[in-house]
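Work through these exercises with the model open beside you. Try each task before you read its solution.

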Amino acid sequence: MKRAALAVAGVLVAMTGNAGACATNPPMTTPAPADAARAADIVAVIHVDHVARLTARERAETDRMFTTADGGFFVPPAPSVRFTVNRLLKGDVPVDALVRNGPTSCEVVLQQGGDYVLFAMKPQARGDRIVPMNGTFRLDKTPNAATQLAAVESSLTHLDPNQP
């Protein structure tokens, strides 16, 4: 009996352990760093200086949209990120640009004080925020991050003219 209770508890923990993870149908895949770099208009190594919090009105609107069953598509309010460009690898970053920080687990979420390799498309209009593409990654002091950055740099210096 005790063993069965422990097994059920283990299954419940496993099921809820990833409760905040993004779930899409079909499942979202993260592109390889080299593929993300080729697809992006902007590739930069950035430092996140400040992440603005949502206002009380924005939080209330987000809560209302997630709890209302109207079924309509909406873009939830998202915090803005102020950042410093440490290295620009591709494209141009508009002066005084802000990044749209993902409000959900299905979007890129940047943390204050972190360094990231940012992949993004050019903003549509002047004053629009930059929206990080899937594939943007934290540049920490691990061998994996260094390998990913090397793959990005290599893909941008050895462009294949046959690739779109």
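The exercises below go from the whole chain to single residues and then to a pocket.

This is a predicted model, in which local features need pLDDT of at least 70, side-chain atom pairs count only at pLDDT 80 or more, and totals for chains, interfaces and linings use all residues. Residues are numbered from 1 along each chain as its sequence is written, and side-chain values use heavy atoms, with hydrogens and water left out.

**Exercise 1. The chain**

Task: List the elements of the protein chain in order from the N terminus.

Solution:
- Step 1. Helices (H or I, at least four residues) and strands (E, at least two) are DSSP runs, numbered from the N terminus.
- Step 2. The protein chain has four helices and five strands.
- Step 3. From the N terminus, they run α-α-β-α-β-β-β-β-α.
- Step 4. Of the 164 residues, 30% count as buried. Buried means under 20% relative accessible area, exposed over 50%, and partly exposed in between (1.4 Å probe, protein chains only).

**Exercise 2. The sheet**

Task: Find the strand order of the open sheet, then name its edge strands.

Solution:
- Step 1. Two strands pair if DSSP finds at least two bridges between them.
- Step 2. The five strands have the order S3-S2-S1-S4-S5, with antiparallel pairing.
- Step 3. The edges are S3 (99–100) and S5 (137–138), each pairing on one side only.
- Step 4. Helix H4 (residues 143–157) packs on the sheet and touches S1, S2, S4 (115–120) and S5. Contact means heavy atoms within 4.5 Å.
- Step 5. The direction of H4 makes about 55° with that of S2. Axes are lines fitted to C-alpha atoms, for helices over the stretch in contact, and angles run from 0 to 180 degrees between N-to-C directions.

**Exercise 3. Strand S1**

Task: How many bridges join S1 to S2, and how many join S1 to S4?

Solution:
- Step 1. S1 (residues 42–51) and S2 (residues 80–90) run antiparallel and share eight bridges.
- Step 2. Pick out partners in S2: Val-45 has Arg-87, and Val-48 has Phe-83.
- Step 3. Six bridges join S1 to S4, again antiparallel. Here Ala-44 stands opposite Leu-118 of S4.
- Step 4. Check the cover: seven of the ten residues of S1 are buried.

**Exercise 4. Two residues**

Task: Is Ala-120 buried or exposed? Is Asp-96 buried or exposed?

Solution:
- Step 1. Ala-120 lies in strand S4. Its relative accessible area is 0%, so Ala-120 is buried.
- Step 2. Beyond its neighbours within four places in sequence, Ala-120 is in contact with residues including Ala-40, Ile-42, Ile-130 and Met-133.
- Step 3. Ala-120 and Ile-42 are 78 residues apart in sequence, and 5.1 Å apart in space, C-alpha to C-alpha.
- Step 4. Asp-96 lies in the loop between S2 and S3. Asp-96 has 72% relative accessibility, so it counts as exposed.
- Step 5. Asp-96 is not a glycine, yet its phi is positive, about 60°.

**Exercise 5. The largest pocket**

Task: Which residues line the largest pocket?

Solution:
- Step 1. The lining is Pro-94, Val-95, Asp-96, Ala-97, Leu-98, Pro-123, Ala-125, Arg-126, Gly-127, Asp-128 and Arg-129. On a 1 Å grid over the protein atoms alone, a pocket is an open set of points where a 1.4 Å probe fits, with protein on both sides within 12 Å along at least five of seven lines; lining residues have an atom within 4 Å of a point.
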